[in-house]
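Subject: A structure for you to look at

Hello,

Here is the structure I promised to pass on. Have a look at it first, and then read on for what turned up.

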Amino acid sequence: MLVKKYFIVLIICFQCLQSQAKDYPASLFGISSDGVTLNTRSIQFAIDYVHQQGGGRLVFDVGRFLTGSIHLKSNVTLHLLEGAVLLGSLNPMDYDRKRFTALILCHDQQNIAITGIGVIDGQGRKVARNVVEIVHKGLVKDAFRNDRPEVEIRPMLIYFRSCKNILIRGVTMRNAAAWVQTYDQCKNLRIDSITVDSRAFWNNDGIDIVDCDSVAITNSYIDADDDGICLKSHDSTGPVCQNVIVRNCTIRSSANGIKFGTASLGGFRNIKLINIKVFDTYRSAIALEAVDGGFLENVDVDSLYVLNSGHAIFLRIGERRKGKNGRLDNIRIKNVTAEIAATKPDAGYEYEGPIEDMPRNISPPIIIAGLPGNLIRNVSFNNIEIKHPGGGNPLFAKVLLTELDRVPEIPASYPEFSKFVELPAWGIYIRHASDIKFNNLKLFCEKKDYRTAIVLDDVHHTEFISATIKETDKKKPLHQHKSSAIIFK
């Protein structure tokens, strides 16, 4: 109910913003559309002018508008008509940095928008390679980990911080050199009907939401090398990421579809993920993680469709900062249909997910992993149907049910389901959890698999009601270890 109220307020704010906008054609300011002339100063002059006039829309018609970093101001909308392309410069020196580097920057502004059906193209593959060149020349200092420059010095398309009343609608975003778009400690953000097509370089997250309040992401299509939609919390003492709704979105990723917790210093609360389709995704369709001392609570996932992906749902508590214990509580997941890939699901895409954490058989599609003495609690699953290819080979890798303590805890590890390497279940693996409830669960294993369907380790007050397990060989569907008050029927 709380998220719905914020969603209504967002719509009213943005309708008022659009109805009051006055149009200013880009040509009025001598902005060139030839794709060659660098327009940074003329576009910035136009933004400043529209802002000084009390606001309006700076309208780009058909053409390719080359620019370096521009700074959006309050009450200004960038409107891209069909055929308009805002084109990022290939020269890394043409970009400004405010915490992060970006093509469109905005800080401490309000009532801002980027709309239309045009394109923002960062030319990220070429820009990133040019960043590599200036690092090698010694012009810019960088850690250069994994043979690539850090994300902070590669330009995103959008970086907004501490802004209010933001609308991003209709545009296509392509080829960022880093994360495509990041909204950091913003309030009242609506992203609607956009397309993200960014497979240009590493770290191409489709959308990053960092410690924002009142966010709606709707009706959008995201194809990204890295996480499709990533919620983060960078600040343990400031605002948290809350009142977020993601609805009617389709996601393809060489990492995770929707992920919380790459950074989880603060917290996440009141999140709704509704009618989400995930396909050809290398890692998890949904990953909910509290690994840096923060919390994750009151999350609803309803109507999740997963096709040809490496994993379905990953819930994780970690301890990447010694003594900082995370908390994951009150999660509701329902109406899930998932088909797990028998082979690498993102094979053939540019910048595929790295082959790592091997050797292992195909992991169980639902993993819930807390820590000893720090349990994941109060998670419900309703109407879950998962098809697993099976084929687990004990000669390839094997963890016996009598050897569950061999599964590593890895509290300080980067949170991905594959980090546990081989697990003893083909369907569901739960460790260090309590009050987990499954109702109307269907698990199908297509090929013979040596593993047990469901394995519980240090799990308590958990129930499986109306559970159907189908596999080619007959064996006990559930194994429990150091567990209590388990109901299976």
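To begin with burial: of the 489 residues of the protein, 58% count as buried. Please keep in mind that this is a predicted model.

Now the overall build. The protein has 33 strands and three helices. Its C-alpha trace spans about 75 × 50 × 40 Å along the principal axes. A compact globule with 489 residues would have a radius of gyration near 23 Å, and the protein has 23 Å, so the two agree. Among contacts between residues at least 6 apart in sequence, 77% join residues at least 24 apart.

What about the surface? The protein exposes about 18,600 Å², and carbon and sulfur atoms supply 50% of that area. As for charge, there are 60 positive and 54 negative charges, and their mean positions are 3 Å apart.

Phe314 lies in strand S26 (residues 311–317), while Phe420 is in the loop between strand S29 (376–390) and strand S30 (425–447), so the pair ties together parts that are 106 residues apart in sequence. Both Phe314 and Phe420 are buried. Elsewhere on your list to find, Tyr24, Phe29, Phe45 and Tyr49 form one aromatic cluster.

Enjoy exploring!

Best wishes

Key:
Residues numbered from 1 in each chain as written. Predicted model: local features only at pLDDT ≥ 70, side-chain atom pairs only at ≥ 80, totals over all residues. Heavy atoms only, no water. Helix = DSSP H or I, 4+ residues; strand = E, 2+ residues; numbered from the N terminus. Rg over C-alpha atoms; globule rule 2.2 N^0.38 Å. Buried < 20%, exposed > 50% of the residue type's maximum accessible area, 1.4 Å probe, protein only. Contact = heavy atoms within 4.5 Å. Areas by Shrake-Rupley, 256 points an atom, 1.4 Å probe, with all protein chains shown as cover. Lys, Arg positive; Asp, Glu negative; His and termini not counted. Charge placed at Lys NZ, Arg CZ, Asp CG, Glu CD. Phe/Tyr/Trp six-rings, centres within 6.5 Å; stacked < 30°, edge-to-face > 60°.
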